[in-house]
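Thanks for coming, everyone. Please have a look at the structure on the screen before I start.

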Amino acid sequence: MDASAGGGGNSLPTTGADGSKRRVCYFYDAEVGNYYYGQGHPMKPHRIRMTHALLGRYGLLDQMQVLRPHPARDRDLCRFHADDYVAFLRSVTPETQQDQIRALKRFNVGEDCPVFDGLYSFCQTYAGGSVGGAVKLNHGHDIAINWAGGLHHAKKCEASGFCYVNDIVLAILELLKYHQRVLYVDIDIHHGDGVEEAFYTTDRVMTVSFHKFGDYFPGTGDIHDVGHSKGKYYSLNVPLDDGIDDESYQSLFKPIMGKVMEVFNPGAVVLQCGADSLSGDRLGCFNLSIKGHAECVRFMRSFNVPLLLLGGGGYTIRNVARCWCYETGVALGHELTDKMPPNEYYEYFGPDYTLHVAPSNMENKNTRHQLDDIKSKLLDNLSKLRHAPSVQFQERPPEAELPEQDDDKENPDDRRDADSDVEMNDAKPLDDSGRRGSIHNFRMKKESAETEAIDQQDVNSVAAEYSRGTGPVADGVGPLKQTFPNDTSPMAIDEPNALKVEQESPNKLQDQPTMHQKP
């Protein structure tokens, strides 16, 4: 079926890598739009529902395998996260949080990352979509999409920046079962700190983050942060200033990513498509158009490497839906018409009712000299990687268990694949009485020095437990190297080290900009 039949677009040219047809799967749970961070909170899962509605009206759902994610289980989450942190997320509720003040501080939950109804189910859903996408790529799909995922700030033992569970790390761990090397690329305006930390000491995952740097959350991502030990030069950070436009952004993105693909030669790519780097974002300060943002997707797609597309930030939700709809079209090889077809959320897109919005006339503070200097430094770092690390596969960790769908529970309104290895059962709906609960007195995070000191003692305490080997270990998981009795196993990689920065830099959390701040 042609996408235009749904009011959508025309096929891209059929010649060349960018025009070739891809096998694409798309993960969506209809309940995801019901989760609510609270009154006044900028993160709104409703944007995922708006995106899905546009995909339907543009006829794109008919071009993909549409799957409902199987919720991630405790043990799936504990492949990266500490089991006591996962247990806390599972048990805490708005009604009980006042009885868990110390745990709230220890796990950094409460303001930027509030407790809301259905919090754990929300985490299970978006993480399940990303891990499920990785499984699909491991079994032959070319592109997998989970716009509910991409929550890149979450750490091993704490929430951060509206993120509770790091679905990206979990998806990369799944991809590493089949691929020698995995590349992570982050075009969110905020530094992808949680993913970088997790793989900071391994050469099997390269992380590349393009982000605003300087008095901006999370305060990390300096160009000199390049990785450590075996991972040295496998972390690339591209620090940018306010107002960067399409031309300036692509003058860095394409040469850097082209060289990364040449030198690192990944078996799979994960692209976090945070839409807060768009012009006019509620929390952002870049000036990218939707086409400029999507050019990153188009470029990475052109390498014909298995590609996992994830969401992330994005707080002007009408533009988030526009962006991810357009980028789904790019993934499928369809150019969408600018005139928006009528849809359930049509009033959000007035007065022009178009897919694209013009960038502003804000000043671009990124000078040509600065951009050339950044590019030169990063290309020099890449030149120090003589060849891609070689890993001979001999044994593979067990597959993530994603049960077959239950045909008896099939919803005729959802398009599904009978051969899918992802469970398609309906998620348990949220209780209507608590669905739209709010966090009262939500405010910017301004902790006193005393509170910071208490929080840091908690973090250091957890770090010390792990360094002594006495910290909690999830059943059957533990550090990745413990998966294999022989440490020289070719599939063994360094344990994701979410505690590394806290151990080396005890003041990292102090004077840190809040996620809510906009320059």
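**A walk through the model**

Let's begin with Pro 94. Leaving aside residues up to four places away in sequence, Pro 94 touches Val 115, Phe 116 and Asp 117. Contact here means heavy atoms within 4.5 Å. Pro 94 sits in the loop between α3 (83-91) and α4 (101-106). Helices (H or I, at least four residues) and strands (E, at least two) are DSSP runs, numbered from the N terminus. Pro 94 and Phe 116 are 22 residues apart along the chain, with 5.8 Å between their C-alpha atoms. Buried means under 20% relative accessible area, exposed over 50%, partly exposed in between, with a 1.4 Å probe and protein chains only.

A word on the source. This is a predicted model, where local features need pLDDT of at least 70 and side-chain atom pairs count only at pLDDT 80 or more, while totals for chains, interfaces and linings use all residues. Residues are numbered from 1 along each chain as its sequence is written, and side-chain values use heavy atoms, leaving out hydrogens and water.

Now the overall picture. The protein has 13 helices and ten strands. Of its 519 residues, 59% are buried. Take the contacts between residues at least 6 apart in sequence: 80% of them join residues at least 24 apart. Helix α6 (residues 167-175) is mostly covered, with nine of its nine residues buried. Among them are Asp 167 and Glu 174.

Next, helix packing. Axes are lines fitted to C-alpha atoms, for helices over the stretch in contact, and angles run from 0 to 180 degrees between N-to-C directions. Start with helix α9 (residues 290-301) and helix α10 (residues 317-332). Their axes come within 9 Å and cross at roughly 30 degrees. Therefore α9 and α10 are roughly parallel to each other. The bands are these: under 35 degrees is roughly parallel, over 145 roughly antiparallel, 65 to 115 roughly perpendicular, and the rest oblique. The contact includes His 293 and Val 297 of α9, and Tyr 326 and Val 330 of α10. By class, the contact of α9 with α10 has eight nonpolar, two polar and five charged residues. Ala, Val, Leu, Ile, Met, Phe, Trp, Tyr, Cys and Pro count as nonpolar, Asp, Glu, Lys and Arg as charged, and the others, Gly among them, as polar.

Helix α10 also packs with helix α1 (residues 46-57). The angle is about 45 degrees, with the axes 8 Å apart. That makes α1 oblique to α10. The contact includes Met 50 and Leu 54 of α1, and Trp 324 and Cys 325 of α10. Its residues divide into nine nonpolar, three polar and three charged.

Last, the aromatics. Rings of Phe, Tyr and Trp (its six-membered ring) pair if their centres lie within 6.5 Å; planes under 30 degrees apart are stacked, over 60 edge-to-face, and the rest tilted. How many aromatic pairs are there? The count comes to 20. In one, the rings of Phe 210 and Phe 253 have centres 5.0 Å apart and planes at 40 degrees, so the pair is tilted. Phe 210 lies in strand β6 (residues 205-212) and Phe 253 in helix α8 (residues 246-264), 43 residues apart. Both Phe 210 and Phe 253 are buried. Ring pairs also link Tyr 35, Tyr 37, Phe 116, Phe 122, Tyr 126 and Tyr 164 into a cluster. Phe 116 is also one of the residues that Pro 94 touches.
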